[in-house]
Amino acid sequence: MIIFNFGIPNSGTDWSQEVFKKIWESQNFSFQAEEAHTLEELNQIIGTMNVNERMILRFHLLTEEAIEAAQQDAVRPFYHYRDPRDVVCTEMQNSETPFATAVDQTVAAYQEIHHALCLPGIMVIPYEHLAGNAEGLIFQMATKLGVLLKLDVVAAIAEEMRAMQAEPQFAAAASTSGDAFATQSVRIDEEHTEESSFVQPLIVGKWRDQLSQSEKSMVTRFFKPLVDQFGYDA
């Protein structure tokens, strides 16, 4: 089984990557975890992946090859999205990206959402559910993988995720190399997940406090169709 863990950058794929690992580790499954940060890396991994083995593939840039591969019975796609204003704000913070560039990158990322939503069997994960409904979300993610977790195991994983976000070393790592548009490729296996893990703190609505007044006005006006579509507060 192959997990496609992807979506809008800065929308929680780092959080889900760790949850997927913990779900499979709870079953004593062996697996690989891969991250692709360019189209070439993504297509290379997809071209060589073995659907008879377990792998978690995290990426953000959707390709024709990824769309085709995601339709295989052995592939489980999970798509993440977030308030585009928070995406812009987080990209500026994580990568020191200029405001205009962050806006352009966010627009480009959201142009792929309709292709993703058409994939068969896809589970769509709003960022806000990571912060406010972790246990229910973890249970649903596990069942999507054919794993029925005991409720105490679900609670334990949720608590581990909260602790991981609270640890300073994870926050520091995320601030420089987190769930951003371009980061260094990381390839990890089951034995090394604890050393290489990082999860950004889950913050909803950060754009209100961290963008300037003019930037807030611009992103609210620019992304109004998406804000309305997803039901975010203006």
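Predicted model: local features only at pLDDT ≥ 70, side-chain atom pairs only at ≥ 80, totals over all residues.
Entry 1: I then searched for a partner and noted a salt bridge between the side chains of Lys 22 and Glu 160, at 3.0 Å from N to O. This pair links distant parts of the chain: Lys 22 lies in helix H1 (residues 13–26) and Glu 160 in helix H9 (residues 151–166), 138 residues apart. Glu 160 is partly exposed, at 39% relative accessibility.

**Entry 2: Other salt bridges.** I recorded six salt bridges in the whole structure. One of them joins the side chains of Arg 162 and Glu 159 at 3.2 Å. These two residues are three apart in helix H9, so about one helical turn separates them. I found Arg 162 partly exposed at 39%, and Glu 159 partly exposed at 45%. Another salt bridge connects Asp 83 with Arg 85 at 2.8 Å; both of these residues are buried.

**Entry 3: Strand E3.** I next examined strand E3 (residues 55–59), in which five of five residues are buried. Met 55, Leu 57 and Phe 59 lie on one side, with Ile 56 and Arg 58 on the other, and both faces are covered.

**Entry 4: Neighbours of E3.** I found strand E1 (residues 2–7) paired with E3 in the parallel sense over five bridges, with Phe 6 opposite Phe 59. Strand E2 (residues 32–35) also runs parallel to E3, joined by four bridges; Gln 32 has Met 55 as its bridge partner. Finally, I noted that E2, helix H2 (residues 39–48) and E3 form a right-handed β-α-β unit.

Conventions:
Residues numbered from 1 in each chain as written. Heavy atoms only, no water. Buried < 20%, exposed > 50% of the residue type's maximum accessible area, 1.4 Å probe, protein only. Pairing = 2+ DSSP bridges. Right-handed = clockwise from strand over helix to strand, strands pointing away. Salt bridge = Lys/Arg side-chain N within 4 Å of Asp/Glu carboxyl O.
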